[in-house]
Amino acid sequence: MDIQLGRSRIVRRAYGIDEIALVPGGRTVDPAVVDSSWRLAGFEREIPIIASAMDGVVDGAMAVELSRLGALGVLNLEGLQCRYSDPNPLLDRIAAVGNEEFVPLMQELYSQPVQEELIRARIAEIKQAGGIAAVSATPAAALKFGKAVAEAGADLFFVQATVVSTDHLGPEGQETLDLENLCRSLGVPVVIGNCVTYEVALLLMRAGAAAVMVGIGPGAACTSRGVLGIGIPQATAVADCAAARNDFEKETGRYVPIVADGGIVTGGDICKCLACGADAVMIGSPIARAAEAPGRGFHWGMATPSPLLPRGTRIKVGTTGSLERILRGPANLDDGTQNLMGCIRTSMGTLGARTIKEMQQVEVVVAPSLLTEGKVYQKAQQLGMGK
């Protein structure tokens with residue numbers, strides 16, 4: 001729907017996941033026979049969840065455990081794990097520092113250069129322990145370390161930035177990353193993000209992306225929307241990019257998964273993203289609450305340590321249980337942040353969707369009051385959905 005913003009500008013309305021609801025149809029399915037699996041570049045995962053490539057969320061041990069439990073974890077190659085041989089004392093400092101001193105401390109700790117030998121070592125550690133070695137880097141780091149990532153035997157390479165495109169204009173004389181060439185020549189499936197529009201998603205698929213990440217700024221610890229003023233609410237962004245995926249499949253016969261990344265906290269959020277067209281989601285703060293997470297009960301964004309323009313903060317998420325309890329249950333919280341696979345399967349069954357593909361076809365309505373209607377007591381007492 002077009003809206004007149006002013007005499008010189010017509011805009012369209014975009015929706016966030018808090019503004020929509022999923023509508024049951026004429027069929028229900030027992031959650032026991034629901035298939036929540038999805039496939040990424042030959043890897044089939046039972047749970048359509050990827051843990052974010054953030055230092056408070058994924059280290060080598062977490063990547064292995066996420067793989068074991070049927071999900072996927074991505075290691076940030078520009079994080080502390082690949083700057084320091086033992087990052088644990090630094091993670092302790094991050095957890096202990098006050099809010100005013102936090103950003104300067106992060107800028108100090110992340111000024112240590114990324115070490116190629118540690119990239120190789122971390123990938124080897126994950127693979128030797130039986131995990132899927134999925135790693136992430138910004139386009140500049142991908143240009144510098146891509147060969148090392150491939151030689152180390154990484155299974156998946158995520159190239160991520162706040163905004164990524166196939167047409168990047170850089171300073172004269174400075175080499176820029178050719179995404180199409182990287183996808184074609186690296187020898188490792190390349191997942192590319194982030195984007196929020198049909199046009200860019202289509203270009204990334206044509207460049208050879210194994211999957212496309214969708215989302216700019218909705219993350220719990222991200223401040224890009226406040227700092228830069230950019231982004232599209234997730235429900236609209238995912239639906240637009242899913243349309244690009246469907247059109248690309250019709251053109252080429254190749255199916256490129258869409259991964260909703262950011263702003264996803266509960267099982268209900270995940271289910272709404274799937275219904276908008278996502279094949280899986282990438283989440284940070286829900287996984288940072290696991291007892292095994294490296295963040296010590298804290299979570300911070302990838303752009304937080306920027307030496308020039310930090311675009312993230314540290315939030316306290318606490319520790320609510322084991323990673324297994326968060327992913328597979330049983331839940332002992334009533335707010336949808338544990339047993340995420342159970343949330344997904346129960347929602348799919350209630351909506352009559354046996355597969356993720358069928359979940360992408362369920363009816364979605366605009367429902368701004370979905371999370372507040374009838375919840376006066378929960379809100380007043382800060383219980384359940386009122387927390």
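Does Asp18 count as buried, partly exposed or exposed, and at what relative accessibility? Asp18 counts as partly exposed because its relative accessibility is 44%, where buried means under 20% relative accessible area, exposed over 50% and partly exposed in between (1.4 Å probe, protein chains only). This is a predicted model, in which local features need pLDDT of at least 70 and side-chain atom pairs count only at pLDDT 80 or more, while totals for chains, interfaces and linings use all residues. Residues are numbered from 1 along each chain as its sequence is written, and side-chain values use heavy atoms, with hydrogens and water left out.

**Asp18**

- Asp18 lies in the loop between strand S2 (9–12) and strand S3 (20–23); strands (E, at least two residues) and helices (H or I, at least four) are DSSP runs, numbered from the N terminus.
- Leaving aside neighbours within four places in sequence, Asp18 is in contact with Asp269, Lys272, Ala367 and Leu371, contact meaning heavy atoms within 4.5 Å.
- From C-alpha to C-alpha, Asp18 and Trp300 are 22 Å apart in space, and 282 residues separate them in sequence.

**Nonpolar cores**

- The largest nonpolar core has 92 residues, of which Ile49, Phe157, Val212, Ile287, Leu327 and Met359 touch the most other members.
- A nonpolar core is a set of buried Ala, Val, Leu, Ile, Met, Phe, Trp, Tyr and Cys residues joined through side-chain atoms within 4.5 Å.
- A second, separate core of 17 residues includes Ile50, Ala53, Leu72 and Leu156.
- Beyond its neighbours within four places in sequence, Met359 is in contact with Leu22, Cys271, Leu274, Ala275, Ser347, Met348, Leu351 and Ala353.

**Helices H10 and H13**

- The axes of helix H10 (residues 267–276) and helix H13 (residues 340–351) come within 9 Å and cross at roughly 50°; axes are lines fitted to C-alpha atoms, for helices over the stretch in contact, with angles from 0 to 180 degrees between N-to-C directions.
- H10 is therefore oblique to H13, since angles under 35 degrees count as roughly parallel, over 145 as roughly antiparallel, 65 to 115 as roughly perpendicular and the rest as oblique.
- Gly267, Ile270, Cys271 and Leu274 in H10 meet Leu340, Cys343, Ile344 and Ser347 in H13.
- By class, this contact of H10 with H13 has six nonpolar, two polar and no charged residues; Ala, Val, Leu, Ile, Met, Phe, Trp, Tyr, Cys and Pro count as nonpolar, Asp, Glu, Lys and Arg as charged, and the others, Gly among them, as polar.
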